[in-house]
Amino acid sequence: MKGKAFRIVSTVMAFLMLLSSVSWTIEKHYCMGSLIDVAFFHKPDSCGMPLDDTVVSQAVISDLNACCSNEIITIPGQEELNLSSGSFDLDQHVFLAAYVFSYYNLFNVAPERLVPFSDYQPPMVVKDICVLDQVFLI
């Protein structure tokens, strides 16, 4: 249970860090005072009123553009992040590596060795073979 709670809290904190460091932009397109489109990651769609330069004069185009408006809301993200990366020199790296290695191996329990012939019964010795063959270690 403790491990699951730790994973949940760390995931939520990483998600909050991502949300706070990313800038967000919301774009809204209004036409004739009514909201037409809201866009988060792309440009908002326009009203859909086709403007043909040959039929409509420039004065009408400027009037149509005046009735439409775009609203952009920008939520800035966190620009300055303090990274606590600390500066270690080589001696500190070597000491830290040796300490972690020795501390990790302190709690490793060596597995029990498997002896494949532990259930093997040796044959019964009826006669001493060294004496019969007259082979002695000197």
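A: Tyr 99 is partly exposed, its relative accessible area being 48%, where buried means under 20% relative accessible area, exposed over 50% and partly exposed in between, with a 1.4 Å probe and protein chains only. Tyr 99 and Tyr 103 form a stacked aromatic pair, with 6.2 Å from centre to centre and 15° between the planes. The terms used here are that rings of Phe, Tyr and Trp (its six-membered ring) pair if their centres lie within 6.5 Å, and that planes under 30 degrees apart count as stacked, over 60 as edge-to-face and the rest as tilted. Both Tyr 99 and Tyr 103 lie in helix 3, four residues apart, which is about one turn of the helix; Tyr 103 counts as partly exposed at 46% relative accessibility.

The model is predicted, so local features need pLDDT of at least 70 and side-chain atom pairs count only at pLDDT 80 or more, while totals for chains, interfaces and linings use all residues. Residues are numbered from 1 along each chain as its sequence is written, and side-chain values use heavy atoms, with hydrogens and water left out.

A search of the whole structure finds two aromatic pairs. Phe 95 and Tyr 99 form a stacked pair, at 6.2 Å centre to centre and with 20° between the planes. Because Phe 95 and Tyr 99 are four residues apart in helix 3 (residues 90-106), about one helical turn separates them. Phe 95 counts as exposed, at 59% relative accessibility.

Read along the sequence, they follow the pattern α-β-β-α-β-α-α. Of the 138 residues of the protein, 7% count as buried, and Cys 31 is buried, with a relative accessible area of 7%, whereas Cys 130 is partly exposed at 42%. The structure holds zero disulfides, a disulfide being a pair of cysteine sulfur atoms within 2.5 Å. Among the contacts in the protein with a separation of 6 or more, 51% are accounted for by residues 24 or more positions apart, contact meaning heavy atoms within 4.5 Å.

Key:
Helices (H or I, at least four residues) and strands (E, at least two) are DSSP runs, numbered from the N terminus.
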